[in-house]
Structure formats: structure tokens, C-alpha cells
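Please find below a note on the two-chain model under review. It is arranged as numbered points.

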Amino acid sequence: MKVLVADDSGIMRKIIIRSLKAVGVSDIVEAANGQEAIDAYKAEPVDLILTDWNMPEKSGLDVVVEIRALGSQVPIIMVTTEAQKGQVIAAIQAGVNDYLTKPFEADDLRAKLDKFVTV
Amino acid sequence: MIAQPHLSVIELSEKRKRLILPFVECTKNVFSMMLNWETELIGIFSTEKFMSKYDCSGLIGVSGALRGTIVVSVDQDVAFAAAEAFLGNKPATIDEEVVDMVGELTNMIAGAGKDRIGIPGILLGLPTVISGRGHSVWFDHGAHVEILQFSSPHGPLTVEIGVRGL
């Protein structure tokens with residue numbers, strides 16, 4: 001299973017990657033902004049995407065919209081500080097499969113991964 | 001001129017409570033959930049400017065329904081201990097990873113606090129981090145500035161909210 005992790009914070013990417021490795025995922029692609037995430041997905045599709053919302057270049061919402069526009073049904077988890085109802089609805093309408101708000105506890109992230117990770 | 005600190009939020013006006021309480025709660029949550037640290041509010045100051053006495057500050061611009069800046073400032077020992085908790089190794093200097101971590105803590109505190117204020121249409125920028133002992137952050141002229149001082153197991157930190165429009 002291959003997973004794309006997009007977040008402009010290197011620390012947050014490490015936290016997510018640590019959880020991914022704990023559930024057995026080792027094939028991981030990192031992106032530091034939305035454009036990198038889109039380019040990485042177009043270069044080589046993955047089986048799961050975890051993306052932040054607020055990133056430079058292009059946002060996580062842009063990532064969702066552009067990847068869905070490709071016809072992809074890859075599961076996407078939005079991991080973000082944006083927690084207002086309207087934003088959650090906008091993300092789901094754009095095609096997000098699940099939503100995790102920061103801050104989170106390790107068990108919260110693990111529960112989300114357990115829904116989508118098949119190793 | 002910095003006003004005398006309040007030690008109890010009960011004494012605060014409703015306007016100040018509306019701004020302060022979400023950030024007190026969110027700061028405690030961020031450190032508790034992400035680092036398993038207990039933080040305690042030890043003082044609340046209202047001022048027109050902010051003179052940082054800590055080593056590393058994360059700043060996020062606020063626009064839309066409120067306008068201003070949110071700042072999270074941490075002592076070097078706090079920054080190093082947090083980086084060690086996140087990364088597993090303790091940095092020797094304020095390096096790229098420490099800066100990134102302070103930026104992300106700021107992002108989480110500002111983002112969660114913004115949502116809990118309950119005013120729609122508040123927008124946040126991306127975090128910027130400055131470091132250096134004795135650095136200063138000057139808020140917009142006329143902004144209402146609240147400085148929340150916290151203790152943590154590894155040293156002090158402050159969360160400053162300087163906004164107009166509340």
C-alpha cells in the first residue's frame with residue numbers, strides 16, 4: 001500500500017508517517033504543499049492520501065478537487081485545524097472521505113488509518 | 001503600559017472572556033493532546049504592545065471578521081523539549097525542525113481558538129516563526145491585545161492575541 005502525506009509542516013508529516021509505519025505502511029510519499037501533492041499523485045497514483053488544508057502553492061481543498069477531477073476515487077483524509085461546520089461540509093462535498101481536526105491524539109489518527117489502511 | 005495581570009478569568013469582562021477563554025482551552029488541548037503536557041494559565045495581561053521575553057515566536061495573521069495577529073512565544077527549553085517529544089531527539093539549537101514545530105503549534109492553537117470564538121468568517125494565514133532572545137512583536141496600532149501566560153512542565157510560554165473587530 002502506498003500513501004501520500006501532504007503537509008507544509010515537516011513535524012506534522014513525521015507524526016503522521018510514524019503512525020503509518022506503526023500500522024505497517026512503509027511506502028510513503030511526502031509533499032510540502034498542495035501543488036507538490038498533485039504533481040506526486042499524477043506522477044504515481046497512491047492508495048491513500050492524508051492532506052492538510054492550509055498549505056502554500058495550493059491548498060488541501062485544491063488537492064481534493066484536482067484529484068477528483070482526474071476521476072480518482074482514492075480515499076482522502078483531511079487533517080487540518082479547520083473545524084468550522086461550513087469548511088467540513090465543503091471538504092466532504094469536494095470529495096474528502098474522512099476528516100481529522102488538529103490537535104489530535106495518536107489514537108485518533110490511528111482510528112482513521114485503521115479505516116483505510118490495508119496492509 | 002502593561003496592566004496588572006488577572007489571575008482569574010472570573011474577573012474579566014464578557015468581551016475579554018469571549019476572546020480569551022477559547023485560546024486558554026485550545027492551548028491546554030494542543031499541549032495535552034499532541035505532547036501529553038499539562039499547561040496552566042498563570043496570568044492574563046491586557047496591553048497595547050508585546051515585548052517578548054522568550055526565544056522563539058510563531059505568528060499568524062488574522063483577517064476577515066477579525067483583523068490582527070496571534071503569537072505563540074516559547075522559551076528555548078520548552079521548544080527543545082517539545083521537539084524531543086515530537087521527534088525523539090533533542091535539538092542543540094533552534095534549527096529548522098524547532099522552527100517548524102513552533103509554527104505548527106501556533107497553527108493549531110490559532111486555528112482551534114479561531115473556531116471556538118464562534119464568529120464566522122475569521123481567516124488565518126500561514127505561520128511565520130522568528131527567534132532570538134529579547135525579540136519584539138508589535139501589534140497593529142489600536143489592536144486589543146491579550147497576553148496569556150502559561151506554565152508547562154518544561155518552562156513558560158505565552159499566547160498573545162492582538163485583534164481589531166471584536
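Predicted model: local features only at pLDDT ≥ 70, side-chain atom pairs only at ≥ 80, totals over all residues.

1. Residues are numbered from 1 along each chain as its sequence is written, and chains are lettered from A and ligands numbered from 1 in the order in which they are written.

2. Chain A contains 5 helices and 5 strands (DSSP runs numbered from the N terminus, H or I of at least four residues for helices and E of at least two for strands). Their order along the sequence is β-α-β-α-β-α-β-α-β-α. The radius of gyration of chain A, 13 Å, is close to the 14 Å given by the globule rule for 119 residues, so chain A is as compact as a globular protein of that length (the radius is taken over C-alpha atoms, and the rule is 2.2 Å times the number of residues to the power 0.38).

3. Of the 119 residues of chain A, 41% are buried (20 or more other C-beta atoms within 10 Å of the residue's own, with C-beta atoms placed from the backbone). In helix H2 of chain A (residues 34–43), the buried residues are Gly34(A), Glu36(A), Ala37(A), Ile38(A) and Tyr41(A). These buried residues of H2(A) pack against strands S1 (2–6), S2 (27–31) and S3 (48–51) and helix H3 (60–69) of chain A (contact requires C-beta atoms, placed from the backbone, within 7 Å).

4. Chain B has 3 helices and 9 strands, running α-β-β-β-β-α-α-β-β-β-β-β from the N terminus. Its C-alpha atoms fill a box of roughly 45 × 30 × 30 Å along the principal axes. The radius of gyration of chain B is 15 Å, which agrees with the value near 15 Å for a compact globule of 166 residues. In chain B, 45% of the 166 residues count as buried.

5. The contact between the chains takes 16 residues from chain A and 17 residues from chain B.

6. The largest nonpolar core has 80 residues, and those with the most contacts inside it are Leu4(A), Ala79(B), Val102(B), Ile109(B) and Leu148(B) (a core is a set of buried Ala, Val, Leu, Ile, Met, Phe, Trp, Tyr and Cys residues joined through C-beta atoms within 7 Å). Helix H3 of chain B (residues 96–117) gives the most to this core, with 9 residues. Beyond its neighbours within four places in sequence, Ala79(B) contacts Asp55(B), Cys56(B), Val74(B), Ile94(B), Val98(B) and Val102(B).

Definitions and conventions. Buried ≥ 20, exposed ≤ 12 C-beta atoms within 10 Å, placed from the backbone. Contact = placed C-beta atoms within 7 Å.
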